[in-house]
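I want to look up how they pair and where the partners sit.

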Amino acid sequence: MALKTLMLVCLLVAAMALIPPIAEAQLDGLISGLLGLIRIQGTVFCTVDGNIGVNGTATPVFPYALVQLQCGGNVVSSSTTNGSGIFSILLDPLQFLVPSLINNCNLAVKTPLSNCNTSLPSIGGLSSTLQVIGSTVAGLLNITNIIPTGFGFLRA
């Protein structure tokens with residue numbers, strides 16, 4: 001029995017060595033999809049455009065704001081900024097394709113700006129398209145990193 005098992009293992013190792021590069025690339029794509037994540041993260045600032053001030057001037061952040069990922073007009077995920085205005089949304093790459101996210105989705109800040117500064121509008125909100133900035137490997141996980149391109153104010 002041990003001889004049969006040893007022969008089977010040797011046969012499998014030999015077969016794996018003969019896999020063409022195309023099949024290996026397809027297998028790698030499947031494995032990275034199974035062992036990957038998509039991370040959308042950023043900081044929302046308490047300004048009329050949700051971005052940091054000119055030349056990095058001191059700009060207050062927008063804490064505890066609801067940030068939604070909207071695709072085709074539907075909310076597919078959401079997050080709330082922390083006390084430092086930072087949000088993070090994690091997505092399963094088997095459910096979302098990165099090109100589709102970039103082309104068909106946007107981030108919307110649904111909490112009124114007046115919540116962080118009473119002199120800012122209480123109607124309307126911030127919106128941003130998305131961009132990929134690269135990927136990070138964490139153990140076996142391949143994490144695709146996406147950030148907002150820059151928030152803009154949309155009147156309701």
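**Entry one, Cys46 and Cys116.** I looked up the torsion about the S-S bond of Cys46 and Cys116 in this predicted model. It comes to about 95°, so I note this disulfide as right-handed. Where do the two cysteines lie? I find Cys46 in the loop between strand S1 (36-43) and strand S2 (66-71), and Cys116 in the loop between strand S5 (105-109) and strand S6 (125-128), so the pair ties together parts that are 70 residues apart in sequence. For the bond itself, I read an S to S distance of 2.0 Å.

Cys46 is buried, at 5% relative accessible area. Cys116 has 26% relative accessibility and counts as partly exposed, because buried would need a value under 20%.

**Entry two, Cys71 and Cys105.** Here I find another disulfide, with the sulfur atoms of Cys71 and Cys105 1.9 Å apart. The torsion about their S-S bond is about 110°, so I write down right-handed for this disulfide too. Cys71 lies in strand S2 and Cys105 in strand S5, so this pair ties together parts that are 34 residues apart in sequence. Are these cysteines buried or exposed? I get 15% relative accessibility for Cys71, which counts as buried, and 6% for Cys105, which counts as buried as well.

How many disulfides does the count come to? I have two. With the bonded cysteines of the protein numbered in sequence order, I write the pairing as 1-4, 2-3.

How values were computed:
Residues numbered from 1 in each chain as written. Predicted model: local features only at pLDDT ≥ 70, side-chain atom pairs only at ≥ 80, totals over all residues. Heavy atoms only, no water. Disulfide = S-S within 2.5 Å. Helix = DSSP H or I, 4+ residues; strand = E, 2+ residues; numbered from the N terminus. Buried < 20%, exposed > 50% of the residue type's maximum accessible area, 1.4 Å probe, protein only.
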